[in-house]
Amino acid sequence: RLRSFAIGRTEVTQGQWRAVMGGNPSHFAACGEACPVESVSWYDAYQYVRKLNEKTGKTYRLPTEGEWEYACRAGEKHPYCGGASHDRVAWYYRNSAGKTHPVARKRANAWGLYDMSGNVGEWVQDCYAKDYADAPSDGGAWEGGSCQARVQRGSHWSYDLPPGVLPSDRHSSPPAFRDFNSGFRLARTLP
């Protein structure tokens, strides 16, 4: 059973990043304040969360893999996060024109969450493991092993379909890895 949590309706935007961190690391900075921040590593996302928590006095964090997939599926059985048509819910290789797009322009899933199947891949808290053996049963982050790689969920604007944006799709990268496909969204544990 998952712990109660809240998750961001969209990926963290360039405007939100600038308000907390100053500057903008995004390759697609010309896309604007409403576009997802990208070209951030897992470490960068962690620093954003730390600074945001200091500024707000709240306790934001990255979602866990279990939370991310649960939120993506939103209690439905669609092949993509929000529907059966990838063109309606995701920015990906065939419709992105080779760039990111402002958040929340595609159809949301049943819980009002946008861009979980595309735009940028999203860092989550978990260390990468090839399978879910020994993963926490409460949806908590899997922090076992040496944590040489962290997990990204969802997909991104340059990924082709299928299966790139299926709710179960996952990727791993070293936590210092940065590229113009990598962003994140926030979560909070609820009482």
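Analyst: Here are some questions about this structure, each answered by setting a value against a definition.

Analyst: This is a predicted model, in which local features need pLDDT of at least 70 and side-chain atom pairs count only at pLDDT 80 or more, while totals for chains, interfaces and linings use all residues. Residues are numbered from 1 along each chain as its sequence is written, and side-chain values use heavy atoms, with hydrogens and water left out.

User: Why is the disulfide of C31 and C35 called left-handed?

Analyst: Look at the torsion about the S-S bond: it's about -60°, so the disulfide is left-handed.

User: How many disulfides does the rule give?

Analyst: Two. Another one joins C127 to C147, with S to S at 1.9 Å. This pair links distant parts of the chain, 20 residues apart: C127 sits in strand β3 (residues 121–127), and C147 in the loop between β3 and β4 (150–153). Strands here are DSSP runs of E with at least two residues, numbered from the N terminus. Both C127 and C147 are buried.

User: How do you know that β1 and β7 pair?

Analyst: Two strands pair if DSSP finds at least two bridges between them. β1 and β7 (residues 187–189) have three bridges, in the antiparallel sense, so they pass. In β7, A187 is the bridge partner of I7.

User: What is the strand order in the open sheet, and why do β1 and β2 stand at the edges?

Analyst: The order is β1-β7-β2, with antiparallel pairing. β1 (5–7) and β2 (60–61) each have a single partner strand, so one side of each is left without a neighbour in the sheet.

User: Is S173 buried or exposed, and what does S173 contact?

Analyst: S173, in strand β5 (residues 170–173), has a relative accessible area of 11%, so it's buried. Leaving aside neighbours within four places in sequence, S173 is in contact (heavy atoms within 4.5 Å) with W123, A149, R150 and Q152.

Key: Helix = DSSP H or I, 4+ residues; strand = E, 2+ residues; numbered from the N terminus. Disulfide = S-S within 2.5 Å. Buried < 20%, exposed > 50% of the residue type's maximum accessible area, 1.4 Å probe, protein only.
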